[in-house]
Amino acid sequence: MSELAPAPDRERVPGPAAARAATAEPGSFRDRNGAVFYRDGEILRGISAKALANWERLAAAPFFGEFTARGSIVCTERLPDDEARAFGEWAAVLRHEKVPFISYPYEWTFGMLKDAALLHLDLMQAALGAGLILKDSSAYNIQWRGAQPVFIDIPSFEVLGKGEPWVGYRQFCELFLYPLFLQAYKGVDYRPWLRGQIDGIPAGSLRPLLSARDLIRPGVLLHVLAQDSLQRRYAGKPQNVRSSIAKAGFDKQLIVRNVEGLRKIVAGLQPGGSKTVWADYDRTHSYDQAEFEAKCAFVREASRHRRWRMAWDLGCNTGTFSRLIAEQADHVVSMDGDWMAIEHLYQAQQNRPDRQKILPLVVNLSDPSPAQGWRGLERRSLPERGRPELTLCLALIHHIVISANIPMRDFIGWLAGLGTSLVIEFVSRSDEMVQTLLANKDDQYGDYQQDQFEACLAEHYRIRADQTLKGGKRHIYFCTPKSEP
């Protein structure tokens with residue numbers, strides 16, 4: 001797996017001057033036949049002689065160009081040999097298109113994980129037709145241009161040897177199929193499971209959760225129970241199962257049929273679980289039409305302050321304001337802790353002209369995704385993956401301070417640490433939403449006052465514009481960092 005986004009403060013690549021100017025991606029260590037590094041905003045990948053042979057076969061395959069043209073595989077080219085020689089040990093160096101923002105499967109909605117799985121299976125089918133196969137089946141090998149999935153791990157394609165099995169099958173189940181089963185068949189949110197286990201959900205962990213009724217559901221007997229039984233049978237034994245399968249003359253058509261069967265199962269899955277709190281926010285928000293239009297006008301005017309390369313919409317709900325700022329931003333990352341609200345946003349984006357501009361993510365801002373993996377370097381925290389230039393924080397502060405018990409000064413300080421311009425809305429104590437949050441709590445929130453809120457803002461920002469909404473119950477501000485002129 002590789003991450004195709006620039007990463008600051010990484011190790012320098014040793015070697016000639018051109019190579020020393022590059023920084024290594026520590027998360028790419030798992031592939032011994034290649035390594036990702038960054039140079040002057042470029043995404044580069046050194047590959048071994050074995051990986052080069054696979055690349056040449058892949059580059060000549062018609063399906064590779066077709067999937068790349070439709071945006072489903074990241075654009076990739078080989079550096080000229082004279083330039084690649086500066087990087088020393090590698091047989092060749094590839095240059096990849098940059099993905100705007102790296103995300104992880106535990107931040108995706110059900111529909112996103114499902115579409116990523118279908119893309120992986122489509123690539124498997126196409127590769128098999130060209131005598132190739134995907135040796136890895138990691139969900140992290142797929143990233144997003146807005147709401148469009150894109151495959152990024154080019155060296156995962158390799159020539160399929162005669163009699164070779166699909167070695168990535170188990171990984172596909174653990175990182176794609178089992179999380180989808182968990183949500184579809186049991187109504188259980190898979191995101192905490194994937195965040196807690198970087199390699200996915202083992203069959204042995206899923207099997208005890210399944211009832212007798214679940215055994216007749218599509219895929220359970222073959223892909224969960226049978227696989228769990230095989231893993232238990234061969235656990236701790238020295239037998240080389242892959243070698244034994246190859247010697248037995250494994251038939252490529254078995255892989256083809258398995259992939260076709262998996263695709264049919266995945267395509268038929270639908271999310272289970274109850275209705276979430278904010279899924280209908282775009283129809284049930286507490287503004288009347290005139291006030292809502294006034295809020296939209298303020299956000300639109302603030303976004304016209306300049307052109308933004310990256311914007312974040314924190315607590316985006318179903319994305320109304322994400323679409324407003326997308327008019328002035330190259331890319332928008334839209335985050336909310338309510339997975340169904342983000343699912344609505346993702347599905348709504350599928351046929352919109354700004355489909356590739358808005359990336360919907362399920363993120364609980366009071367407990368955002370941390371840096372984790374080996375040495376805490378394989379998966380990065382939110383700010384490490386690319387800081388925004390504009391941040392929207394609308395109708396969120398009361399949830400952060402009152403619901404999550406995070407001091408207002410701490411939250412404003414965290415926002416200021418992003419170094420971005422800010423559109424933020426303060427929801428006063430007289431607003432019905434705040435009264436609802438306080439109804440069953442001891443009021444320990446003496447800091448939750450508008451004057452203290454403005455004082456916190458003034459420590460870090462210049463307030464460029466502000467406006468009263470809902471008859472004084474809410475107030476919206478556009479701020480820029482004090483570091484800006």
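Analyst: Axes are lines fitted to C-alpha atoms, for helices over the stretch in contact, with angles from 0 to 180 degrees between N-to-C directions. Helices are DSSP runs (H or I, at least four residues), numbered from the N terminus. The model is predicted: local features need pLDDT of at least 70, side-chain atom pairs count only at pLDDT 80 or more, and totals for chains, interfaces and linings use all residues. Residues are numbered from 1 along each chain as its sequence is written, and side-chain values use heavy atoms, without hydrogens and water.

User: Why are helix 5 and helix 15 called oblique to each other?

Analyst: The axes of helix 5 (residues 110-129) and helix 15 (residues 339-349) come within 8 Å and cross at roughly 50 degrees. Angles under 35 degrees count as roughly parallel, over 145 as roughly antiparallel, 65 to 115 as roughly perpendicular and the rest as oblique. Helix 5 and helix 15 are therefore oblique.

User: What makes the pair of F411 and W414 stacked?

Analyst: Rings of Phe, Tyr and Trp (its six-membered ring) pair if their centres lie within 6.5 Å, and planes under 30 degrees apart count as stacked. The ring centres of F411 and W414 are 6.1 Å apart and the planes lie at 20 degrees, so the pair is stacked.

User: Is F411 buried or exposed?

Analyst: Buried means under 20% relative accessible area, exposed over 50%, partly exposed in between (1.4 Å probe, protein chains only). F411, at 5%, therefore counts as buried, whereas W414, at 30%, is partly exposed.

Note on methods: Helix = DSSP H or I, 4+ residues; strand = E, 2+ residues; numbered from the N terminus. Phe/Tyr/Trp six-rings, centres within 6.5 Å; stacked < 30°, edge-to-face > 60°.
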